Amino acid sequence: MASTDALPSGGSIFTSIPDLLFIPEFVIGGLVWILVASTRVFFVNPMGWVMFVSVFCFVVTTVWFFIFLCGANRSSMWPSLDAGYHFVATVFYLSASVALAYITVQLGDAVKAATIVPALALKNYRLFISAVVMSHVATLLYFIHTIFSAMRWKRA
């Protein structure tokens with residue numbers, strides 16, 4: 001049976017890798033959510049997926065953070081759940097990042113082809129570029145967290 005001391009709880013989550021990544025994960029994930037939500041959505045289906053991923057990961061990461069902070073992660077199943085959740089979040093964010101990048105490229109082609117670019121289209125294009133960058137950063141953070149969580153799970 002796995003050791004329950006493998007996972008930190010309380011204030012020690014602020015001093016351990018990968019748990020230190022909780023804060024940037026939900027800050028960057030929140031930025032993706034805000035940037036996508038602040039645009040006018042022309043491409044409904046891919047943007048719906050991006051919004052689902054960003055909101056889902058933001059909420060679950062916040063709940064996960066508070067579970068760790070309150071010390072409710074003392075069961076032996078938590079190291080595997082931690083690695084599993086972060087793997088799913090990595091795959092979700094990777095798929096959302098690719099969809100968002102594709103939509104951004106399409107919008108960029110439309111902006112470049114237009115002789116007169118409306119201010120709203122240019123604003124949306126710039127917001128999409130920012131969202132793509134933040135989405136890829138979130139993917140990287142979740143990937144790093146997955147690797148360290150898997151290493152901790154194997155040690156437990």
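Buried means under 20% relative accessible area, exposed means over 50%, and partly exposed lies in between, using a 1.4 Å probe and protein chains only. This is a predicted model, in which local features need pLDDT of at least 70, side-chain atom pairs count only at pLDDT 80 or more, and totals for chains, interfaces and linings use all residues. Residues are numbered from 1 along each chain as its sequence is written, and side-chain values use heavy atoms, with hydrogens and water left out.

View 1. As for disulfides (pairs of cysteine sulfur atoms within 2.5 Å), a search of the whole structure turns up zero. For background, a disulfide is a covalent bond between the sulfur atoms of two cysteines.

**View 2. Gly10 and its surroundings.** Look for Gly10 in the segment before helix 1, which covers residues 22-37. Helices here are DSSP runs of H or I with at least four residues, strands are runs of E with at least two, and both are numbered from the N terminus. With a relative accessible area of 18%, Gly10 is buried. Leaving aside residues up to four places away in sequence, Gly10 touches Phe68, Leu69 and Gly71; contact means heavy atoms within 4.5 Å. Gly10 and Ile67 sit 57 residues apart in sequence, yet their C-alpha atoms are 9.1 Å apart in space.

**View 3. Helix 1 against helix 3.** The two axes come within 13 Å and cross at roughly 30°. Axes are lines fitted to C-alpha atoms, for helices over the stretch in contact, and angles run from 0 to 180 degrees between N-to-C directions. Helix 1 and helix 3 are therefore roughly parallel (under 35 degrees; over 145 is roughly antiparallel, 65 to 115 roughly perpendicular, and the rest oblique). On the helix 1 side, the contact is made by Phe22, Glu25, Gly29, Val32 and Val36, and helix 3 brings His86, Tyr93 and Leu100. Sorted by class, that's five nonpolar, two polar and one charged. Ala, Val, Leu, Ile, Met, Phe, Trp, Tyr, Cys and Pro count as nonpolar, Asp, Glu, Lys and Arg as charged, and the others, Gly among them, as polar.

**View 4. Helix 3 against helix 4.** Helix 3 (residues 78-113) packs on helix 4 (residues 119-155) at about 160°, with the axes 7 Å apart. That makes the pair roughly antiparallel. Their contact involves 25 nonpolar, 13 polar and two charged residues.
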